[in-house]
Amino acid sequence: MITIEFSVNDKTYVLEVDPRERLLDVLRNRLGLMGTKEGCGEGECGACTVILDGKTVNSCLILAGQVHNSVITTIEGVGNRQSPHPVQKAFVEVGAVQCGFCTPGMVLSAKNLLDKNPHPSDEEIGVALSGNLCRCTGYDKILRAVKLAAEEGKQ
Amino acid sequence: MKTDVVGSRVLREDSWGKVFGQTKFPADVNLPNQLYGVVVRSPHPHARILSINSEEAMKLAGVAAVLTAKDVPHNSHGVLFRDQPVIADYVRMVGDPVAVVGAETMEIAREAAERIRVDYEILPPIFDPEEAMKPEVPSLHPELQPTNVLYHLPIRRGSLEEGWVKSDVVVEQVYKTPHVDHAFLQPEAVLAYLDERGHMVVQTATQYAHYDRGEIAHALGFRYSQVQVKTLAVGGAFGGREDISLQIIAALLALKTQRAVKMENTREESFYSHSKRHPMTMYYKTGAARDGKLVALQAKIIGDAGAYASWSVNVLRKSAVHATGPYAIPNVEIDSFAVFTNNPFTGAMRGFGAAQTVLAYESQMDLLAKKLGISPLEIRLRNCFQVGSITATGQELTSSVPLDQCLAKIAPYFRSEVETL
């Protein structure tokens with residue numbers, strides 16, 4: 001077991017972990033943050049996307065030992081019903097949500113893109129979301145939602 | 001007309017919970033002191049189980065129970081026929097569950113599952129439906145059918161003999177489609193527990209809560225009223241959650257151990273355990289007269305039902321009904337079959353049997369057009385269903401058949417490209 005210190009959604013945690021534990025399991029089972037989903041467990045689907053030190057990563061491929069001294073944002077750290085993030089508002093407005101299992105990962109990928117590049121081209125949006133699979137045929141609306149969020153940000 | 005609903009935009013109420021990550025899918029719910037269940041699945045497509053040794057698994061600290069076929073009160077389930085075992089002692093496909101472990105953690109359960117020794121008598125498998133349907137091949141489900149042909153639907157209209165006489169051009173081809181997995185994004189998961197009344201509560205993602213309820217009650221020997229199925233958020237389904245997956249196994253483990261039981265499939269387990277789209281082999285012979293009118297179709301459609309019936313009867317019925325496509329053909333002979341094999345079982349998936357035949361009938365149209373020297377669009381305009389058309393099953397279409405208008409509208413957009421084909 002090793003001790004790691006890291007921040008999740010602006011809260012600092014010090015945990016004893018097995019270094020082989022996946023970040024995904026630490027978030028879900030230790031911290032109870034169930035918004036991070038497991039779809040494939042091998043980095044294909046992006047349902048477990050979180051933002052780690054400013055980069056989107058598949059938390060199923062990150063080991064607990066790797067996040068020592070890191071800053072993590074999960075879906076629970078983005079917006080709420082009182083003040084939703086523009087990306088969340090746009091997803092609801094456009095109808096970019098169907099089953100919702102890919103949605104937390106999609107929102108995080110989109111948020112991270114807009115944080116760095118507030119006026120992305122269609123291609124840049126596509127690339128930013130390319131690690132997130134949706135199976136309910138929602139890509140078109142998802143891309144439109146990200147575009148809408150970017151436009152709202154301009155005003 | 002404009003009302004609050006018709007002509008207005010309505011936001012999905014459930015969207016908010018989903019964009020904040022608050023929505024509960026079955027993997028997201030837990031109970032204190034719950035056990036974790038893991039299924040041991042057969043690596044063989046056809047086998048009889050001679051013995052199962054769980055001694056090494058039970059030695060592991062934290063293992064609460066290992067269940068096998070003999071522990072299931074009524075060992076069968078299935079949407080049309082109860083031909084699928086909850087836990088198999090006779091294996092008909094790779095992935096059939098043969099044992100289930102309950103343990104204090106998921107890690108212990110997985111390690112215990114690896115320690116279970118299953119002694120199989122390996123039987124010769126059959127993978128080719130056309131081979132399997134021969135009368136001399138032993139039936140995989142003698143209790144349902146004496147041969148592996150689960151279902152045959154013949155559709156007859158007019159006279160095929162007359163149709164071939166009138167045919168100036170004939171196209172004969174074989175088309176094949178593969179297995180397809182739904183790959184819904186949320187792998188199957190379930191939480192099962194007995195409530196204070198001794199009723200079984202099963203929380204899961206399903207397309208069929210009321211049906212699951214009956215299946216769980218039957219297998220456990222409970223009354224229908226003693227089983228409650230709560231549908232949590234469903235992370236995609238597309239037909240793949242119409243059959244039972246882990247619901248009964250988790251409930252059984254909860255009953256035997258008197259503990260809450262949590263089960264979660266990995267993606268790999270998900271692929272091995274739920275239904276697939278039916279692969280189909282489609283023999284098509286279509287005749288048209290010189291004026292471009294279709295006059296005859298003979299079609300034989302063989303659907304691979306795999307190891308269990310699931311919805312195969314309904315799926316192959318739909319394939320037969322849709323075999324002509326949206327085209328009027330006066331002389332028709334269609335035979336569709338659902339055939340048992342040792343392949344993964346097949347069931348509901350988007351289109352439900354109507355999707356596969358598109359490949360056959362539309363390809364036939366293109367090939368006929370080429371032979372007749374008319375455009376692919378033209379042959380469709382000359383044959384498409386209209387109000388008053390009679391389908392192969394004898395149904396007169398009396399309203400809402402706007403295919404000709406649809407083709408006319410899109411014609412300017414693709415005619416030039418099609419003409420150069």
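This is a predicted model: local features need pLDDT of at least 70, side-chain atom pairs count only at pLDDT 80 or more; totals for chains, interfaces and linings use all residues.
Residues are numbered from 1 along each chain as written, chains are lettered from A in the order written, and side-chain values use heavy atoms, without hydrogens or water.

**View 1. Helices α2 and α3 of chain A.** The axes of α2 (residues 86-94) and α3 (residues 103-116) come within 9 Å and cross at roughly 130°. Axes are lines fitted to C-alpha atoms over the stretch in contact, with angles from 0 to 180 degrees between N-to-C directions. The crossing is right-handed.

**View 2. The contact of α2(A) with α3(A).** From α2(A) come A:V87, A:Q88 and A:F91; from α3(A) come A:T103, A:M106, A:V107, A:A110, A:K111 and A:L114. Contact means heavy atoms within 4.5 Å. The set holds 6 nonpolar, 2 polar and 1 charged residues.

**View 3. Helix α7 of chain B.** Of the 11 residues in α7 (residues 247-257), 9 are buried, so the helix is largely enclosed by the rest of the structure. Buried means under 20% relative accessible area (1.4 Å probe, protein chains only). Among them are B:I248, B:L252 and B:T257. B:Q258 follows α7(B), with a positive phi near 55°.

**View 4. Chain A against chain B.** Here 35 residues of chain A contact 29 of chain B. The buried area is about 2,500 Å², with 59% from carbon and sulfur atoms. This is accessible area (1.4 Å probe) lost on being put together, summed over both parts. A:R81, A:V92 and A:R135 supply 26% of the area that chain A buries against chain B, more than any other three residues.

Definitions and conventions: Helices (H or I, at least four residues) and strands (E, at least two) are DSSP runs, numbered from the N terminus. A crossing is left-handed if the near helix is turned anticlockwise from the far one by less than a right angle, and right-handed if clockwise. Ala, Val, Leu, Ile, Met, Phe, Trp, Tyr, Cys and Pro count as nonpolar, Asp, Glu, Lys and Arg as charged, and the others, Gly among them, as polar. Buried means under 20% relative accessible area, exposed over 50%, partly exposed in between (1.4 Å probe, protein chains only). Buried area is the accessible area (1.4 Å probe) that two parts lose on being put together, summed over both.
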